Amino acid sequence: MPAFRQVGEKQLPNPVLCMAWSPKRDLIALANTTGELLLHRLANFQRVWSLPPNEYTGKEITALAWRPDGKILAFSVGDTKQVVLCDVEKAEILHLFPVQSPVSCMHWMEVIEESSALSSFYNSEDESKLFLPKLPTLPKSYSTTSKIFSEEKSDEIMNLLGEVRLNILVLGGGTGFVELYAYGMYKIATLTGVPGTCRSLSLSSDLKSLSVITEVRSVDNNPEICYIQLDTGLLSDCLPEVTRMARKFTHISTLLQYLRLSLTCMCEAWEDILMQMDLRLTKFVQEKNTSTQVQDEFLELLLWGQSSPELQALLMNQLTVKGLKKLGQSIESSYSSIQKLVISHLQSGSEALLYHLSEVKGMSLWKQKFQPLGLDSAAIEDAITAVGSFSLKANELLQVIDKSMKNFKAFFRWLYVAMLRMCEEHVPPELNKMTQKDIAFVADFLSEHFSENEELFDRKGKYFNVERVGQYLKDEDEDLVSPPNTKGNQWLKFLQESTHLKESPLLFPSYPQKSLHFVKRMMEGMIELCLQKPAEEIGKSVKQAVFLPLYTVPESSENTPRLFELPSLWNDKKANMHYVVFCMPEISPCKLYLLRKGTDPYRHIPNNLMSIDLSNVLSHHLGDNEPDWVYSCLDARFYDDEMLTVVLQGPEEIRGHVLAQLPLSSALSCETEFNWDPSLRLDQQSGAIPCQSVVLGNQWRDLENMKAQFVAVNGIRKVACVLSANLRHVRVFEMDVEDEEDEEGTESQNASTDQDRLEASMTSQVEGEQVAEGEAEKCGGDVYQKAEEHLESEEALELS
């Protein structure tokens with residue numbers, strides 16, 4: 001019996017373009033041609049959740065990568081040129097960022113090297129919690145632009161940081177595009193000079209080198225596969241400093257995300273005010289037929305206690321006493337929401353930003369340690385100043401809100417009493433009193449909100465103006481229409497008269513003519529400059545150490561998804577080695593080639609290239625009287641440091657496709673050295689490559705009734721997923737399953753027989769499933785949604 005067993009099978013309605021196993025759980029992520037991201041569990045290949053495509057994220061997923069702790073899944077979108085980080089447990093998008101070029105491959109690695117400097121940093125990581133308050137939870141978001149962040153919580157944003165140990169997301173694309181993101185968020189390096197289009201990436205766990213497989217157009221315009229090894233020694237040499245800097249900048253990136261969402265919530269609260277005004281007061285103003293202005297009629301009512309018959313009719317019929325009371329409560333609630341968001345979210349986030357930027361500035365002044373990484377103290381100081389200006393502008397908005405709320409309350413209180421008198425109803429004594437200050441508040445409200453000045457007209461309310469607060473929340477470059485009145489401000493007068501303090505760098509500029517959104521964008525630009533400089537400096541330090549042209553790509557494979565094609569890369573963390581496994585089907589279809597390079601690009605590796613003859617790997621299982629059947633390799637992936645999982649294709653008359661575990665011990669024992677001619681491609685000198693024959697034990701299995709083509713494996717979880725050539729048919733296996741008793745083996749044989757019967761009827765069943773899925777989509781997907789909610793509740797128990 002084979003040492004691994006099938007545990008699930010499914011025919012999918014759409015072709016699969018990417019698949020990747022979770023490093024920590026029995027979960028596999030799939031991306032299909034419709035742009036849908038799917039998460040399935042190992043058992044019965046049951047779907048856990050799906051993330052449909054949308055216009056905001058994009059519809060063309062090009063690559064997948066799991067964070068090493070298995071809690072976040074990254075995927076790249078080609079049509080919008082974005083990378084998206086998704087929470088695995090809740091299927092929620094936590095963060096996304098744009099990239100210069102569409103991403104064709106990605107790899108997420110974790111540093112395993114330990115040192116005393118790193119240990120002390122890990123222990124002191126949480127010092128910021130001693131000085132900074134915990135960020136409050138963000139309210140639910142309803143806007144169209146931010147709906148993917150619905151029910152976003154501040155804790156979930158900060159969970160983007162993950163563990164303190166450094167992990168790096170490596171992105172590769174066309175025209176030499178390669179970027180490294182610490183913790184999947186902060187761009188730590190931008191690499192230049194990588195030729196061609198990246199097909200695969202692997203950054204070593206010791207950070208000494210980056211292996212890249214690229215597709216380069218040769219002189220005769222044929223696609224040529226090359227292996228490149230880049231020296232990333234600066235990251236390795238400055239690992240404690242890189243970790244500390246990356247951690248700080250990732251904190252800053254998450255805080256910027258938090259401030260953006262807070263500001264979005266404030267804009268939505270302001271939109272609620274605007275909508276209430278449009279529904280009530282603007283309609284009232286539009287239906288007024290008299291030649292006098294609304295402002296004048298309200299002033300007459302305020303001064304003389306008398307109103308025109310038309311104003312009285314409109315107030316009583318259109319607005320009503322009950323409607324006025326409800327409107328006043330709604331507007332006051334919205335203003336209070338904005339005020340709370342400024343105090344608890346914007347100010348708390350700004351304080352945290354100032355704290356972390358100040359620590360980064362201290363790091364930049366330690367030139368011996370951090371100058372090689374490109375930290376610029378002047379740029380950091382500019383960023384600190386910009387954050388200070390943002391805090392001042394938020395405080396200015398608080399003062400404007402406070403004044404507007406006073407005017408609103410006074411106006412609605414006065415109008416409520418006036419309408420009660422029109423109805424000849426009893427006026428409560430506490431409302432009947434009105435001071436001179438209250439009258440001034442009402443007059444201010446009328447002058448500000450019923451102005452005939454066209455410049456003050458709101459973009460949504462033509463006749464009613466609530467710009468006093470709203471102008472701060474507009475994402476525009478124009479100056480404020482109604483800037484705050486600073487006449488009589490003793491502090492500003494003192495600053496203007498002081499020659500020493502007037503241009504002092506110790507004081508944050510306030511930008512009184514600009515909106516909060518404008519100052520926020522300016523702050524983001526300054527911080528972005530801080531983030532860019534280290535990425536540029538580290539990128540410049542990366543040099544190409546190895547360039548090996550391997551073989552040309554057969555034209556027949558041009559339509560094959562590039563993510564599934566060989567070569568496949570692997571990093572042996574124990575031996576500090578890069579492995580490359582590939583085939584050259586045009587030269588020798590029955591051979592699998594293995595290239596080894598040290599993670600230190602200047603370390604010599606003996607016997608670094610060998611080939612494995614697969615032609616007769618299963619012939620001894622067929623008997624002595626059978627002819628030697630020739631097998632070729634369709635796909636190969638590293639199961640662990642000592643084992644390859646391969647999909648083999650044999651002659652149809654005996655068996656079609658085989659899934660096998662291929663031990664590397666015999667191949668690695670090869671002692672024959674290959675003398676590489678640098679002037680030739682590898683396929684032009686393939687005859688001289690040392691060859692080893694291997695014999696499989698019981699580590700193989702027939703893949704009956706399936707045209708298997710590709711495989712994805714996870715040696716830690718001991719699982720594999722096989723994908724058919726049409727990219728729709730998948731089977732999942734548990735590997736390394738040992739039969740403890742013969743009885744269990746008999747049961748497995750019976751189960752296999754039942755599975756074969758199932759396979760025979762798969763085609764007709766799949767057609768029925770596809771029709772049913774189409775019907776469900778037409779009905780709005782209600783039944784599917786209920787099934788998904790049931791699966792998600794079950795998966796939540798498993799993930800926890």
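This is a predicted model: local features need pLDDT of at least 70, side-chain atom pairs count only at pLDDT 80 or more; totals for chains, interfaces and linings use all residues.
Strand S8, spanning residues 82-87, is mostly covered, and six of its six residues are buried. In a regular strand, side chains alternate between the two faces of the sheet. In S8, Gln82, Val84 and Cys86 point one way, whereas Val83, Leu85 and Asp87 point the other way. Residues of both sets are buried, including the polar Gln82 and the acidic Asp87.

Strand S8 pairs with strands on the two sides of its hairpins. With strand S7 (residues 72-77), the pairing is antiparallel and extends over six bridges. Within this pairing, Phe75 stands opposite Val84 of S8. Four residues lie between the strands in the hairpin of S7 and S8, where Lys81 takes a positive phi near 55 degrees.

Strand S9 (residues 92-98) also runs antiparallel to S8, to which it is joined by six bridges. Here the bridge partner of Asp87 is Glu92 in S9. The hairpin of S8 and S9 likewise has four residues between the strands, and Ala91 adopts a positive phi near 55 degrees in this hairpin.

Trp491 belongs to helix H14, which covers residues 490-497. The relative accessible area of Trp491 is 46%, and this residue is therefore classed as partly exposed.

How values were computed
Residues are numbered from 1 along each chain as its sequence is written. Side-chain values use heavy atoms; hydrogens and water are left out. Buried means under 20% relative accessible area, exposed over 50%, partly exposed in between (1.4 Å probe, protein chains only). Two strands pair if DSSP finds at least two bridges between them.
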